[in-house]
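Biologist: I am new to this structure and would like to learn how to read it. Could we take a few features in turn?

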Amino acid sequence: MTATRKLLQRYWYTLIVLPCTLLGDIGSVCTAYIGSYWLRSLAPNDLPGAEVYLQWGLANGLALILVYALLGLYQTQRRQSRFEETITALVGLGLAVALILVGAFFVRSVSLSRLVIAYAVPLAGVGVVSSRLLIRTLNDLARSKGYGVRRVLILGQGPQAQEIGERLARNPGLGYQLVGYLSAEPNPGAQVLGEIADLSQVLAQGEINEVWLALGEVSRTQLAQLLGVIQTYELIQIRIVPEITELLTTRLVVDSLGGVPLLTLQETPLRFWGNRILKRSLDMILSALGLLSISPLLVFIALWVKFTSPGPIFYRQERISRDGERFYIYKFRSMRPDAESQGPGWTHPQDDRVTPVGKFLRRTSLDELPQLLNVFRGDMSLVGPRPERPYYVEQFRQDIPKYLDRHLVKTGITGWAQIHGLRGDTSIPQRVRYDLYYIENWSLLLDLRILLVTVFQLFRGQYNAY
(Lines give C-alpha, C1' and ligand atoms only; values in the text may rest on other atoms or scores of the structure.)
Protein backbone atom coordinates (compact mmCIF):
# COMPACT_ATOMS: atom_id res chain seq x y z
CA MET A 1 0.00 0.00 0.00
CA THR A 2 1.41 3.39 -1.02
CA ALA A 3 2.00 6.16 1.50
CA THR A 4 -0.61 8.34 -0.22
CA ARG A 5 -3.28 5.64 0.03
CA LYS A 6 -2.47 5.08 3.70
CA LEU A 7 -2.76 8.81 4.32
CA LEU A 8 -6.11 9.00 2.55
CA GLN A 9 -7.45 5.96 4.36
CA ARG A 10 -6.54 7.39 7.76
CA TYR A 11 -7.54 11.01 7.17
CA TRP A 12 -10.23 10.49 4.53
CA TYR A 13 -12.86 12.48 6.37
CA THR A 14 -10.58 15.42 7.24
CA LEU A 15 -8.93 15.70 3.83
CA ILE A 16 -11.81 14.83 1.50
CA VAL A 17 -15.27 14.52 3.04
CA LEU A 18 -15.22 17.55 5.36
CA PRO A 19 -13.91 20.07 2.77
CA CYS A 20 -16.42 18.80 0.18
CA THR A 21 -19.25 19.07 2.70
CA LEU A 22 -18.27 22.62 3.67
CA LEU A 23 -18.03 23.69 0.03
CA GLY A 24 -21.35 22.00 -0.73
CA ASP A 25 -23.12 23.79 2.11
CA ILE A 26 -21.82 27.27 1.44
CA GLY A 27 -21.95 26.81 -2.34
CA SER A 28 -25.59 25.71 -2.19
CA VAL A 29 -26.59 28.82 -0.24
CA CYS A 30 -24.69 31.23 -2.50
CA THR A 31 -26.11 29.57 -5.60
CA ALA A 32 -29.61 29.80 -4.12
CA TYR A 33 -29.26 33.56 -3.57
CA ILE A 34 -27.94 34.16 -7.10
CA GLY A 35 -30.65 31.94 -8.58
CA SER A 36 -33.33 33.75 -6.60
CA TYR A 37 -31.98 37.10 -7.73
CA TRP A 38 -32.16 35.93 -11.34
CA LEU A 39 -35.76 34.70 -10.93
CA ARG A 40 -36.84 37.99 -9.37
CA SER A 41 -35.06 40.04 -12.02
CA LEU A 42 -37.21 38.47 -14.75
CA ALA A 43 -39.98 40.89 -13.71
CA PRO A 44 -39.69 44.70 -13.48
CA ASN A 45 -37.81 45.61 -10.31
CA ASP A 46 -35.48 48.06 -8.60
CA LEU A 47 -33.18 45.48 -7.05
CA PRO A 48 -29.60 46.34 -6.05
CA GLY A 49 -26.81 44.63 -7.96
CA ALA A 50 -26.28 40.86 -7.96
CA GLU A 51 -23.06 41.33 -5.97
CA VAL A 52 -25.13 42.48 -2.98
CA TYR A 53 -27.11 39.24 -2.90
CA LEU A 54 -23.94 37.25 -3.44
CA GLN A 55 -22.47 38.92 -0.35
CA TRP A 56 -25.59 38.13 1.66
CA GLY A 57 -25.51 34.58 0.34
CA LEU A 58 -21.91 34.24 1.48
CA ALA A 59 -22.84 35.65 4.90
CA ASN A 60 -25.77 33.24 5.12
CA GLY A 61 -23.46 30.37 4.12
CA LEU A 62 -21.00 31.25 6.88
CA ALA A 63 -23.89 31.46 9.37
CA LEU A 64 -25.04 28.05 8.16
CA ILE A 65 -21.60 26.53 8.77
CA LEU A 66 -21.62 27.98 12.30
CA VAL A 67 -25.07 26.56 13.04
CA TYR A 68 -24.21 23.16 11.53
CA ALA A 69 -21.03 23.02 13.60
CA LEU A 70 -23.08 23.65 16.75
CA LEU A 71 -25.56 20.95 15.69
CA GLY A 72 -22.71 18.47 15.20
CA LEU A 73 -23.21 18.02 11.45
CA TYR A 74 -19.46 18.17 10.83
CA GLN A 75 -18.48 15.60 13.44
CA THR A 76 -16.95 12.51 11.91
CA GLN A 77 -18.14 10.31 14.78
CA ARG A 78 -21.75 11.40 14.41
CA ARG A 79 -23.39 8.70 12.31
CA GLN A 80 -26.93 9.81 11.49
CA SER A 81 -29.34 8.20 9.10
CA ARG A 82 -30.06 10.04 5.86
CA PHE A 83 -33.48 11.01 7.19
CA GLU A 84 -32.10 12.40 10.45
CA GLU A 85 -29.34 14.28 8.65
CA THR A 86 -31.86 15.79 6.22
CA ILE A 87 -34.18 16.99 9.00
CA THR A 88 -31.30 18.39 11.05
CA ALA A 89 -29.87 20.15 7.98
CA LEU A 90 -33.20 21.80 7.18
CA VAL A 91 -33.72 22.92 10.78
CA GLY A 92 -30.19 24.33 10.82
CA LEU A 93 -30.84 26.18 7.57
CA GLY A 94 -33.90 27.79 9.11
CA LEU A 95 -31.86 28.96 12.09
CA ALA A 96 -29.12 30.35 9.83
CA VAL A 97 -31.66 32.27 7.71
CA ALA A 98 -33.19 33.68 10.89
CA LEU A 99 -29.74 34.89 11.99
CA ILE A 100 -29.10 36.59 8.66
CA LEU A 101 -32.51 38.27 8.68
CA VAL A 102 -31.79 39.67 12.14
CA GLY A 103 -28.50 40.99 10.77
CA ALA A 104 -30.27 42.53 7.76
CA PHE A 105 -32.59 44.40 10.13
CA PHE A 106 -29.63 46.28 11.60
CA VAL A 107 -28.03 47.04 8.21
CA ARG A 108 -30.12 49.97 7.03
CA SER A 109 -28.02 50.76 3.98
CA VAL A 110 -29.43 47.83 1.98
CA SER A 111 -33.04 46.83 1.52
CA LEU A 112 -33.29 43.16 0.63
CA SER A 113 -36.14 41.88 -1.49
CA ARG A 114 -38.42 39.65 0.56
CA LEU A 115 -39.30 37.74 -2.60
CA VAL A 116 -35.63 36.96 -3.25
CA ILE A 117 -35.30 35.64 0.32
CA ALA A 118 -38.51 33.62 -0.12
CA TYR A 119 -37.07 32.03 -3.27
CA ALA A 120 -33.63 31.50 -1.75
CA VAL A 121 -34.68 29.50 1.32
CA PRO A 122 -36.30 26.50 -0.45
CA LEU A 123 -33.62 26.56 -3.17
CA ALA A 124 -30.92 26.48 -0.51
CA GLY A 125 -32.73 23.64 1.26
CA VAL A 126 -32.82 21.55 -1.91
CA GLY A 127 -29.20 22.36 -2.66
CA VAL A 128 -27.85 21.60 0.81
CA VAL A 129 -29.77 18.34 1.16
CA SER A 130 -28.88 17.21 -2.37
CA SER A 131 -25.17 17.99 -1.98
CA ARG A 132 -25.01 16.20 1.37
CA LEU A 133 -26.80 13.12 0.04
CA LEU A 134 -24.52 13.07 -3.01
CA ILE A 135 -21.39 13.37 -0.84
CA ARG A 136 -22.73 10.65 1.44
CA THR A 137 -23.36 8.34 -1.52
CA LEU A 138 -19.88 8.96 -2.93
CA ASN A 139 -18.42 8.47 0.55
CA ASP A 140 -20.17 5.09 0.84
CA LEU A 141 -18.72 4.14 -2.54
CA ALA A 142 -15.24 5.21 -1.38
CA ARG A 143 -15.67 3.15 1.79
CA SER A 144 -16.46 0.09 -0.32
CA LYS A 145 -13.02 0.65 -1.90
CA GLY A 146 -11.36 0.86 1.51
CA TYR A 147 -11.09 4.64 1.92
CA GLY A 148 -12.10 6.15 5.25
CA VAL A 149 -12.88 2.75 6.77
CA ARG A 150 -12.06 2.11 10.42
CA ARG A 151 -10.62 -1.40 10.78
CA VAL A 152 -11.97 -3.03 13.95
CA LEU A 153 -10.54 -5.85 16.05
CA ILE A 154 -12.96 -7.38 18.56
CA LEU A 155 -11.64 -8.98 21.73
CA GLY A 156 -13.97 -11.81 22.65
CA GLN A 157 -16.02 -14.31 20.71
CA GLY A 158 -19.11 -14.79 22.85
CA PRO A 159 -22.70 -14.06 21.76
CA GLN A 160 -22.28 -10.36 22.46
CA ALA A 161 -19.12 -10.11 20.37
CA GLN A 162 -20.71 -12.10 17.55
CA GLU A 163 -23.77 -9.84 17.58
CA ILE A 164 -21.56 -6.75 17.24
CA GLY A 165 -19.61 -8.33 14.39
CA GLU A 166 -22.83 -9.21 12.57
CA ARG A 167 -24.14 -5.67 12.94
CA LEU A 168 -20.93 -4.24 11.53
CA ALA A 169 -21.23 -6.59 8.56
CA ARG A 170 -24.89 -5.59 7.99
CA ASN A 171 -24.15 -1.86 8.14
CA PRO A 172 -21.09 -1.10 5.97
CA GLY A 173 -22.27 2.52 5.73
CA LEU A 174 -21.16 3.04 9.32
CA GLY A 175 -17.59 3.04 8.07
CA TYR A 176 -16.31 0.05 10.07
CA GLN A 177 -14.64 -3.08 8.73
CA LEU A 178 -14.32 -6.10 10.99
CA VAL A 179 -10.80 -7.48 10.76
CA GLY A 180 -11.50 -10.38 13.08
CA TYR A 181 -11.77 -11.63 16.65
CA LEU A 182 -9.31 -12.59 19.36
CA SER A 183 -10.89 -15.27 21.50
CA ALA A 184 -10.40 -15.85 25.21
CA GLU A 185 -9.69 -19.53 24.57
CA PRO A 186 -8.31 -21.52 21.60
CA ASN A 187 -11.15 -21.45 19.10
CA PRO A 188 -10.15 -21.54 15.43
CA GLY A 189 -12.57 -19.97 13.01
CA ALA A 190 -12.81 -18.00 9.77
CA GLN A 191 -12.44 -14.63 11.50
CA VAL A 192 -10.65 -15.73 14.67
CA LEU A 193 -7.12 -14.40 14.41
CA GLY A 194 -5.86 -16.00 17.59
CA GLU A 195 -6.14 -15.73 21.35
CA ILE A 196 -6.16 -12.67 23.60
CA ALA A 197 -2.48 -13.30 24.31
CA ASP A 198 -1.76 -12.58 20.63
CA LEU A 199 -3.06 -8.99 20.92
CA SER A 200 0.32 -7.27 20.76
CA GLN A 201 1.40 -9.36 17.76
CA VAL A 202 -1.79 -8.51 15.83
CA LEU A 203 -1.56 -4.79 16.62
CA ALA A 204 2.09 -4.71 15.58
CA GLN A 205 1.01 -5.37 11.99
CA GLY A 206 -0.29 -1.78 11.91
CA GLU A 207 -3.64 -2.45 10.23
CA ILE A 208 -5.96 -1.95 13.21
CA ASN A 209 -7.67 1.41 13.87
CA GLU A 210 -9.96 0.40 16.74
CA VAL A 211 -10.09 -2.34 19.37
CA TRP A 212 -13.50 -3.20 20.81
CA LEU A 213 -13.59 -5.13 24.08
CA ALA A 214 -16.59 -7.47 24.31
CA LEU A 215 -15.20 -9.95 26.82
CA GLY A 216 -18.13 -10.05 29.23
CA GLU A 217 -16.97 -10.51 32.78
CA VAL A 218 -13.28 -9.69 33.09
CA SER A 219 -11.14 -8.86 36.11
CA ARG A 220 -9.82 -5.36 36.63
CA THR A 221 -6.27 -6.67 36.44
CA GLN A 222 -6.83 -8.31 33.07
CA LEU A 223 -8.63 -5.24 31.75
CA ALA A 224 -5.77 -2.98 32.86
CA GLN A 225 -3.27 -5.28 31.16
CA LEU A 226 -5.20 -5.25 27.88
CA LEU A 227 -5.55 -1.47 27.94
CA GLY A 228 -1.85 -1.14 28.65
CA VAL A 229 -0.99 -3.25 25.60
CA ILE A 230 -3.33 -1.29 23.31
CA GLN A 231 -2.14 2.11 24.54
CA THR A 232 1.44 1.34 23.55
CA TYR A 233 0.29 1.71 19.93
CA GLU A 234 -0.55 5.23 18.79
CA LEU A 235 -3.86 6.32 17.23
CA ILE A 236 -5.79 3.17 18.17
CA GLN A 237 -9.30 3.92 19.42
CA ILE A 238 -10.47 1.76 22.35
CA ARG A 239 -14.16 0.98 22.82
CA ILE A 240 -15.62 -1.14 25.61
CA VAL A 241 -18.94 -2.94 25.17
CA PRO A 242 -20.26 -3.32 28.75
CA GLU A 243 -22.15 -6.50 29.44
CA ILE A 244 -24.34 -4.59 31.88
CA THR A 245 -26.36 -3.17 28.98
CA GLU A 246 -27.83 -6.62 28.44
CA LEU A 247 -29.49 -6.35 31.87
CA LEU A 248 -30.90 -2.84 31.55
CA THR A 249 -34.11 -1.56 29.99
CA THR A 250 -33.34 2.08 30.70
CA ARG A 251 -31.01 4.38 28.82
CA LEU A 252 -27.41 4.95 29.83
CA VAL A 253 -25.93 8.44 29.92
CA VAL A 254 -22.26 9.03 30.67
CA ASP A 255 -21.75 11.78 33.25
CA SER A 256 -18.56 13.01 34.85
CA LEU A 257 -17.72 13.92 38.42
CA GLY A 258 -14.40 15.71 38.50
CA GLY A 259 -13.09 13.54 35.69
CA VAL A 260 -14.54 10.32 37.12
CA PRO A 261 -16.97 8.75 34.61
CA LEU A 262 -20.41 7.84 35.94
CA LEU A 263 -23.06 5.76 34.19
CA THR A 264 -26.44 7.37 34.82
CA LEU A 265 -29.62 5.38 34.25
CA GLN A 266 -32.55 7.26 32.75
CA GLU A 267 -36.18 6.28 32.36
CA THR A 268 -37.33 5.44 28.86
CA PRO A 269 -38.51 8.63 27.09
CA LEU A 270 -42.17 7.61 26.86
CA ARG A 271 -42.42 7.27 30.64
CA PHE A 272 -42.46 11.08 30.77
CA TRP A 273 -45.97 12.51 30.45
CA GLY A 274 -44.87 15.33 28.14
CA ASN A 275 -43.51 12.89 25.58
CA ARG A 276 -46.64 10.76 25.82
CA ILE A 277 -48.78 13.82 25.08
CA LEU A 278 -46.67 14.63 22.01
CA LYS A 279 -46.89 11.06 20.71
CA ARG A 280 -50.63 10.84 21.40
CA SER A 281 -51.21 14.14 19.60
CA LEU A 282 -49.35 12.87 16.55
CA ASP A 283 -51.36 9.65 16.64
CA MET A 284 -54.72 11.44 16.81
CA ILE A 285 -53.91 13.93 14.06
CA LEU A 286 -52.46 11.43 11.58
CA SER A 287 -55.02 8.67 12.26
CA ALA A 288 -57.93 11.14 11.83
CA LEU A 289 -56.46 12.48 8.60
CA GLY A 290 -55.82 8.92 7.44
CA LEU A 291 -59.36 7.71 8.15
CA LEU A 292 -60.88 10.72 6.37
CA SER A 293 -58.61 10.57 3.33
CA ILE A 294 -58.89 6.82 2.67
CA SER A 295 -62.56 6.34 3.60
CA PRO A 296 -63.52 5.50 -0.04
CA LEU A 297 -60.77 2.86 -0.11
CA LEU A 298 -62.01 1.40 3.18
CA VAL A 299 -65.55 1.10 1.77
CA PHE A 300 -64.25 -0.56 -1.41
CA ILE A 301 -62.16 -3.12 0.51
CA ALA A 302 -65.07 -3.86 2.86
CA LEU A 303 -67.36 -4.62 -0.10
CA TRP A 304 -64.61 -6.64 -1.80
CA VAL A 305 -64.17 -8.85 1.28
CA LYS A 306 -67.93 -9.19 1.78
CA PHE A 307 -68.73 -10.37 -1.74
CA THR A 308 -65.72 -12.64 -2.36
CA SER A 309 -65.86 -14.99 0.66
CA PRO A 310 -68.38 -15.97 3.32
CA GLY A 311 -67.93 -14.53 6.79
CA PRO A 312 -67.64 -11.14 8.49
CA ILE A 313 -65.88 -8.15 6.91
CA PHE A 314 -63.70 -7.40 9.91
CA TYR A 315 -61.57 -9.67 12.03
CA ARG A 316 -61.43 -8.85 15.73
CA GLN A 317 -58.80 -10.34 18.00
CA GLU A 318 -57.65 -9.72 21.59
CA ARG A 319 -54.14 -8.30 21.92
CA ILE A 320 -51.97 -6.92 24.73
CA SER A 321 -50.61 -3.37 24.80
CA ARG A 322 -48.87 -1.08 27.30
CA ASP A 323 -48.63 -2.33 30.90
CA GLY A 324 -50.53 -5.49 30.01
CA GLU A 325 -53.73 -3.70 28.96
CA ARG A 326 -55.94 -5.82 26.72
CA PHE A 327 -57.82 -4.53 23.69
CA TYR A 328 -59.39 -5.81 20.50
CA ILE A 329 -57.48 -5.14 17.30
CA TYR A 330 -59.37 -4.72 14.02
CA LYS A 331 -58.35 -5.91 10.58
CA PHE A 332 -60.07 -6.67 7.31
CA ARG A 333 -60.68 -10.40 7.35
CA SER A 334 -58.13 -12.16 5.14
CA MET A 335 -58.62 -15.79 6.20
CA ARG A 336 -61.45 -18.31 6.29
CA PRO A 337 -63.78 -17.98 9.32
CA ASP A 338 -62.62 -21.43 10.56
CA ALA A 339 -58.91 -20.64 10.13
CA GLU A 340 -58.11 -21.25 13.80
CA SER A 341 -60.38 -24.20 14.45
CA GLN A 342 -57.26 -26.20 15.29
CA GLY A 343 -55.84 -23.48 17.53
CA PRO A 344 -53.74 -20.34 16.94
CA GLY A 345 -50.76 -20.49 14.60
CA TRP A 346 -48.42 -18.25 12.62
CA THR A 347 -49.27 -17.51 9.02
CA HIS A 348 -46.69 -18.55 6.45
CA PRO A 349 -46.21 -18.35 2.67
CA GLN A 350 -48.69 -20.52 0.72
CA ASP A 351 -50.96 -20.70 3.79
CA ASP A 352 -54.18 -22.33 2.50
CA ARG A 353 -56.22 -20.62 5.25
CA VAL A 354 -55.80 -17.26 3.49
CA THR A 355 -58.50 -16.28 0.97
CA PRO A 356 -57.53 -15.13 -2.55
CA VAL A 357 -58.49 -11.55 -1.70
CA GLY A 358 -56.78 -11.93 1.67
CA LYS A 359 -53.47 -12.80 -0.01
CA PHE A 360 -53.51 -9.46 -1.81
CA LEU A 361 -54.58 -7.56 1.29
CA ARG A 362 -51.88 -9.13 3.43
CA ARG A 363 -49.17 -8.71 0.80
CA THR A 364 -49.99 -5.00 0.49
CA SER A 365 -50.79 -4.62 4.23
CA LEU A 366 -54.20 -3.15 3.33
CA ASP A 367 -55.77 -5.52 5.86
CA GLU A 368 -54.13 -3.40 8.60
CA LEU A 369 -55.94 -0.15 7.68
CA PRO A 370 -58.82 -0.56 10.20
CA GLN A 371 -56.19 -0.29 12.95
CA LEU A 372 -56.24 3.46 12.32
CA LEU A 373 -59.47 3.32 14.31
CA ASN A 374 -57.60 1.55 17.14
CA VAL A 375 -55.03 4.34 17.04
CA PHE A 376 -57.65 7.10 17.09
CA ARG A 377 -59.38 5.46 20.05
CA GLY A 378 -56.11 5.19 21.95
CA ASP A 379 -55.87 1.39 22.01
CA MET A 380 -52.54 1.52 20.22
CA SER A 381 -50.15 3.90 18.47
CA LEU A 382 -49.09 4.39 14.88
CA VAL A 383 -45.53 3.35 15.81
CA GLY A 384 -44.52 0.84 18.45
CA PRO A 385 -43.87 -2.86 19.02
CA ARG A 386 -46.46 -5.01 17.28
CA PRO A 387 -49.15 -6.28 19.68
CA GLU A 388 -49.31 -10.02 20.34
CA ARG A 389 -52.10 -12.27 21.50
CA PRO A 390 -52.22 -13.22 25.21
CA TYR A 391 -51.46 -16.83 24.23
CA TYR A 392 -48.14 -15.87 22.64
CA VAL A 393 -47.26 -13.27 25.29
CA GLU A 394 -47.51 -15.92 27.99
CA GLN A 395 -45.36 -18.26 25.94
CA PHE A 396 -42.69 -15.72 24.98
CA ARG A 397 -42.36 -14.18 28.44
CA GLN A 398 -41.12 -17.53 29.75
CA ASP A 399 -38.66 -18.19 26.94
CA ILE A 400 -37.29 -14.77 25.96
CA PRO A 401 -35.50 -12.51 28.47
CA LYS A 402 -36.90 -8.97 28.72
CA TYR A 403 -39.83 -9.81 26.43
CA LEU A 404 -42.32 -8.03 28.69
CA ASP A 405 -40.26 -4.83 28.44
CA ARG A 406 -41.91 -4.36 25.04
CA HIS A 407 -45.04 -3.40 26.96
CA LEU A 408 -43.48 -0.31 28.50
CA VAL A 409 -45.11 1.60 25.62
CA LYS A 410 -48.24 1.27 23.52
CA THR A 411 -48.08 -1.22 20.71
CA GLY A 412 -48.19 0.07 17.14
CA ILE A 413 -49.24 -0.59 13.55
CA THR A 414 -45.62 -0.46 12.42
CA GLY A 415 -42.32 -0.27 14.26
CA TRP A 416 -38.54 -0.28 14.23
CA ALA A 417 -38.47 -4.08 13.96
CA GLN A 418 -40.99 -4.16 11.11
CA ILE A 419 -39.12 -1.74 8.84
CA HIS A 420 -36.06 -3.96 9.29
CA GLY A 421 -37.92 -6.98 7.91
CA LEU A 422 -38.87 -8.56 11.25
CA ARG A 423 -42.51 -9.23 10.56
CA GLY A 424 -44.60 -12.38 10.57
CA ASP A 425 -42.82 -15.66 11.23
CA THR A 426 -39.40 -14.18 12.03
CA SER A 427 -37.01 -14.36 14.99
CA ILE A 428 -38.81 -13.20 18.14
CA PRO A 429 -35.60 -12.58 20.18
CA GLN A 430 -34.23 -10.41 17.39
CA ARG A 431 -37.55 -8.58 17.12
CA VAL A 432 -37.46 -7.91 20.86
CA ARG A 433 -33.98 -6.36 20.56
CA TYR A 434 -35.21 -3.97 17.89
CA ASP A 435 -38.33 -3.14 19.92
CA LEU A 436 -36.24 -2.34 23.00
CA TYR A 437 -33.96 -0.13 20.93
CA TYR A 438 -37.02 1.84 19.80
CA ILE A 439 -38.35 2.14 23.34
CA GLU A 440 -35.05 3.37 24.75
CA ASN A 441 -34.37 5.82 21.90
CA TRP A 442 -37.85 7.14 21.17
CA SER A 443 -38.34 10.58 19.68
CA LEU A 444 -40.96 12.18 17.42
CA LEU A 445 -38.27 12.31 14.75
CA LEU A 446 -37.78 8.54 15.03
CA ASP A 447 -41.54 7.98 14.76
CA LEU A 448 -41.74 10.12 11.62
CA ARG A 449 -38.77 8.30 10.14
CA ILE A 450 -40.39 4.90 10.76
CA LEU A 451 -43.67 6.05 9.22
CA LEU A 452 -41.95 7.41 6.11
CA VAL A 453 -39.85 4.26 5.67
CA THR A 454 -42.99 2.11 6.10
CA VAL A 455 -44.81 4.03 3.36
CA PHE A 456 -41.74 3.80 1.11
CA GLN A 457 -41.47 0.04 1.66
CA LEU A 458 -45.15 -0.46 0.96
CA PHE A 459 -44.86 1.31 -2.40
CA ARG A 460 -41.67 -0.61 -3.22
CA GLY A 461 -43.20 -3.91 -2.17
CA GLN A 462 -40.45 -4.41 0.43
CA TYR A 463 -42.67 -4.74 3.48
CA ASN A 464 -42.34 -8.38 4.54
CA ALA A 465 -45.95 -9.52 4.77
CA TYR A 466 -47.90 -12.63 3.82
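Biologist: In what sense do strand 1 and strand 2 pair, and over how many bridges?

Modeller: The general idea is that strands of a sheet pair through backbone hydrogen bonds, either parallel or antiparallel. Keep in mind that this is a predicted model. Here strand 1, residues 150-155, and strand 2, residues 176-183, pair in the parallel sense, and 6 bridges join them.

Biologist: What is the order of the strands in the open sheet?

Modeller: The order is 3-2-1-4-5, so read it as a row of 5 strands with parallel pairing. At the edges are strand 3 (192-195) and strand 5 (237-240), each of which pairs on one side only. From one strand to the next, the twist averages 25°.

Biologist: How do the side chains of a strand sit relative to a sheet?

Modeller: In a regular strand they alternate between the two faces of the sheet.

Biologist: Are strand 8 and strand 9 paired in the parallel or the antiparallel sense?

Modeller: Strand 8 (residues 314-320) and strand 9 (residues 326-332) pair in the antiparallel sense, over 7 bridges.

Biologist: Where is S365, and what is its phi?

Modeller: S365 is in the loop between helix 11 and helix 12 (371-377). Its phi is positive, about 65°, although S365 is not a glycine.

Biologist: How are two packed helices described?

Modeller: They are described by the angle between their axes and the distance between the axes. Take helix 2 (residues 12-40) and helix 5 (residues 114-144): they pack at an angle of about 155°, and their axes are 7 Å apart. Angles over 145 degrees count as roughly antiparallel, and helix 2 and helix 5 are therefore roughly antiparallel to each other.

Biologist: Is the crossing of helix 2 and helix 5 left-handed or right-handed?

Modeller: Helix 2 passes helix 5 in a right-handed crossing. Sorted by class, their contact has 18 nonpolar, 7 polar and 3 charged residues.

Biologist: How can empty space inside a model be found?

Modeller: Rolling a probe the size of a water molecule over the atoms shows where empty space is left. In this model the count is 1 cavity of 30 Å³ or more. The largest cavity holds about 30 Å³ of space.

Biologist: Which residues line the largest cavity?

Modeller: Among them are V305, T308, S309, R333, S334 and T355. Helix 10 (295-308) and helix 11 (356-364) are the elements that give two or more residues to this lining. The largest share, 3 residues, comes from helix 11.

Notes
Residues numbered from 1 in each chain as written. Predicted model: local features only at pLDDT ≥ 70, side-chain atom pairs only at ≥ 80, totals over all residues. Heavy atoms only, no water. 1 Å grid on protein atoms, 1.4 Å probe; cavity = no way out; pocket = protein on both sides within 12 Å on 5 of 7 lines; lining within 4 Å. Points joined across faces, edges and corners; volume = space filled by probe spheres on them. Helix = DSSP H or I, 4+ residues; strand = E, 2+ residues; numbered from the N terminus. Pairing = 2+ DSSP bridges. Axes fitted to C-alpha atoms, helices over the stretch in contact; angles between N-to-C directions. Parallel < 35°, antiparallel > 145°, perpendicular 65-115°, else oblique. Left-handed = near helix turned anticlockwise from the far one by under 90°. Nonpolar A, V, L, I, M, F, W, Y, C, P; charged D, E, K, R; others polar.
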